[in-house]
Amino acid sequence: MAYIMVDIESDGPIPGDYSMICFGAVKVEDGLEQSFYGELAPISDKFIPEALAVSGFTREQTSQFNDPAKVMGDFQDWINKVCSTDRPIFISDNNGFVWMFICWYFHHFLGRNPFGFSSQNLGSLYKGMEKDTFKNFKHMRVTKHSHNPVDDARGNAEALLRMKKEFGLKIKF
């Protein structure tokens, strides 16, 4: 298995009606050297200015971003390359939100999702390890959470690596 930590930025709460603006992914392994970044042109005229502002981009900038089908194809190619013969496992801090966009975009533009039909939640994993639903893993990040999706995915991947090292989490990288 190959764990891929993913983060996205969007201009609204759901895919289809709103657009995924950009996303980042990092293969979870020592060094965290393999990453992917994609910027996607809007798929809808709808957007929420406050949601878009989180990404740091303007609507005018996003309109110049890349064709979503090409970006998702490039992402699928990257996954195939970095996972080789391993099964890609999707993991994220907020997997309900992030997965919803990534899964929708893969199925809408490519007809399939290389991650299959399931995702994992980093926060829930940490809560289970601590046996405390009030615990939060975010103090384990090294890279500052900046809303750059590669940085945010990298920080979450750093936390997962620390969970393996410091808690003895049995996980294959």
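A residue counts as buried when its relative accessible area is under 20%, as exposed when it is over 50%, and as partly exposed in between, using a 1.4 Å probe and protein chains only. Leu32, at 7% relative accessibility, is therefore buried.

The structure above is a predicted model, in which local features need pLDDT of at least 70 and side-chain atom pairs count only at pLDDT 80 or more, while totals for chains, interfaces and linings use all residues. Residues are numbered from 1 along each chain as its sequence is written, and side-chain values use heavy atoms, leaving out hydrogens and water.

Helices (H or I, at least four residues) and strands (E, at least two) are DSSP runs, numbered from the N terminus.

Contact means heavy atoms within 4.5 Å. On the α3 side, the residues in contact include Met72, Phe75 and Ile79, and on the α4 side they include Ile102, Tyr105 and Phe109. By class, this contact has 10 nonpolar, two polar and no charged residues. Ala, Val, Leu, Ile, Met, Phe, Trp, Tyr, Cys and Pro count as nonpolar, Asp, Glu, Lys and Arg as charged, and the others, Gly among them, as polar.

Buried residues of α4 include Trp99, Ile102 and Phe106, and what covers the buried residues of this helix includes β1, β2 and α3. Just after α4, Gly111 takes a positive phi of about 85°.

**The nonpolar cores**

A nonpolar core is a set of buried Ala, Val, Leu, Ile, Met, Phe, Trp, Tyr and Cys residues joined through side-chain atoms within 4.5 Å. The largest one has 25 residues, of which Met20, Phe23, Phe75, Ile102 and Phe115 touch the most other members. Strands β1 (2-10) and β2 (20-27), along with α3 and α4, each supply at least two residues of this core. A second, separate core of 20 residues includes Leu122 and Met163.

Ile8 sits in strand β1 and is buried, with a relative accessible area of 4%. Leaving aside neighbours within four places in sequence, the contacts of Ile8 include Met20, Phe23 and Ile102.

For Cys83, the nearest cysteine sulfur is that of Cys103, 16 Å away. Both residues are buried: Cys83 has a relative accessible area of 3%, and Cys103 has one of 16%.

Two residues other than glycine have a positive phi, as the table shows.

| Residue | Phi | Location | Relative accessibility |
|---|---|---|---|
| His147 | about 70° | loop between α5 (122-130) and α6 (149-167) | 33% |

His147 thus counts as partly exposed.

Definitions and conventions
Disulfide = S-S within 2.5 Å.
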